[in-house]
Amino acid sequence: MNQWIGTKNPIHRFTDSPFMLQLYNTLTRKKDEFVPIKNKAVGLYTCGPTVYDFAHLGNLRTYIFEDILKRVLKFNGFRVRHVMNVTDVGHLVSDADEGEDKMMKALNREKLEPSVASLKKLADKYFEIFKKDISELNILEPDVWCKATGHIKEQINLIETLVQKGFAYETADGIYFNTSKLKDYGKLSGQAREELEPGARVALNPEKRNPTDFALWMKAVGKHASHLMRWPSLWGDGFPGWHIECSAMSRKYLGQPFDIHCGGIDHVSIHHTNEIAQSEAAYGTPLANFWLHGEFLTVAEGKMAKSSGTFITLEEVVKKKICPLAYRYLCLTAQYRSKLNFTWESLKAAESALVALSAESQYWKKPTKPNAEWMEKFTQAINDDLDMPRAIALLWYVVKTRDDGSKAATVLEFDKIFGLGLKGCVAKPPKIPASVKKLVRERERARESREFAQADSLRGEIEKAGFTVEDTADGAVIRIKIA
Ligand code: AMP
Ligand code: ZN
């Protein structure tokens, strides 16, 4: 990749958009006009990584979608306060309270000495890798990173409130949320409580009053007796359940209700449903007004997932010498609510598109003012529930149109949302192979001697080699062919 790609482009408001921002709200099951709670300030909470392993490209697709959302909000003139949690305790192998803590499991996998210090080292290692991944993908960092282990007091306070209000009960192994006490439990997915019952669970806890009840606190007893991370509480030493951290930390940093809560689609029926239950039962107000969910990245076997071993990391992409931003580009080619199937071929095609864009930019005039008509169309697309495929199609339309001087400036404006690091007009000329140059010279000669059929056939060969030739007053100009 050349220097045109990979630079950060600060986002600021472009215009007073006449196109209101419409976002698909999982809660209402329709596109709603986005109106913030407080004037122009938006509180955004996105569920972050469990730092026990590398993030895979599927996880990263969700973070890219959330980054696009954040950029679109800023583009529309909103000030965004973005909070992301880091799960470093309490996320069990199954989202439904079964199995070992993922962090403990990773300790064994990495053959580390069983100690709290090792767990911290593990969490720090994968958190740093995650931060590097998102930086390579040009994802803007949140304003607040909050770790579950740094907010135990807040989580215990929330559990105490739920116990006092009669929404939680104690068992031999923990404190559980009683889902039958909440009339609208499950409203996010629109499923009835019976439908949400995790049927695949074989080892149902017999003390649980309802199959959908979930752990708020797990005592360091029984199967968790050797759990290394533990804190004192009214119910004995233990550790928080996975869902409670997001309720406690979003409230601390954004208040309740806040504007937008995001995550992957798999969080709808368990994690986000339970976050809503805890927060709304404890405080009697909605947790968040808008709920946005990104669809899966799939592979031939189905959802890309760590558990099925079908995952690819960004590190592997880099090892194959493919620019990470090619993956970002690939994600832009699908709307966030559609599945995206990953193949190496599609990633390579995305990289070729970026290279072509970069090569093309060298012919553009110095950036002046963005073209108002194109900006209007662009705003319409991104404000229509983040319709990035439409925005990308517009980008290529602009790229292929004659440059009236506004092309570079327009593309730079677009890139405030795309985040592809397009700096404009500074690309090194693409390397043109000697064989292509030879074909171009032969074509010139054919044209001079008016052998037009031969000239056309040579043009065909040049195109087959991935280049185009344009006849200008200064002679033939060779360019990379845009698909
Ligand atoms: P986790 O670290 O497992 O909590 O996942 C981090 C984020 O990635 C969550 O928002 C998940 O919903 C999301 N996610 C997990 N698998 C995929 C996938 N295959 N495609 C898109 N997002 C995913
Ligand atoms: Zn969460």
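**View 1. The shell around ligand 1.** In this predicted model, ligand 1 is surrounded by 15 residues, with G58, T62, D266, L297 and M304 the closest. Sorted by class, that shell holds eight polar, four nonpolar and three charged residues. Both α1 (57-75) and β10 (258-264) put in at least two residues, and α1 gives the most, with four.

**View 2. Polar atoms facing ligand 1.** Zoom in on T62 and you'll find a polar side-chain atom 2.7 Å from a nitrogen atom of the ligand. At G58, a backbone N or O atom sits 3.0 Å from a nitrogen atom of ligand 1. On its own, ligand 1 has 490 Å² of accessible area, and the protein covers 95% of that.

**View 3. The largest pocket.** Elements giving two or more lining residues include α2 (102-109), α3 (116-136), α6 (242-254) and α7 (268-283), while the largest share, five residues, comes from α1. The lining splits into 19 nonpolar, 16 polar and ten charged residues.

**View 4. The second largest pocket.** Here there's about 280 Å³ of space. It has 15 lining residues, and E360, V399, K407, E470 and R479 are the closest to its centre. Two or more residues each come from α12 (388-400), β15 (467-472) and β16 (475-480). By class, the lining has eight charged, five nonpolar and two polar residues.

Conventions. Residues numbered from 1 in each chain as written. Chains lettered and ligands numbered in written order. Predicted model: local features only at pLDDT ≥ 70, side-chain atom pairs only at ≥ 80, totals over all residues. Heavy atoms only, no water. Near = heavy atom within 4 Å. Polar contact = N/O pair within 3.5 Å; in protein donor to acceptor, adjacent residues only side chain to side chain. Areas by Shrake-Rupley, 256 points an atom, 1.4 Å probe, with all protein chains shown as cover. Nonpolar A, V, L, I, M, F, W, Y, C, P; charged D, E, K, R; others polar. 1 Å grid on protein atoms, 1.4 Å probe; cavity = no way out; pocket = protein on both sides within 12 Å on 5 of 7 lines; lining within 4 Å. Points joined across faces, edges and corners; volume = space filled by probe spheres on them.
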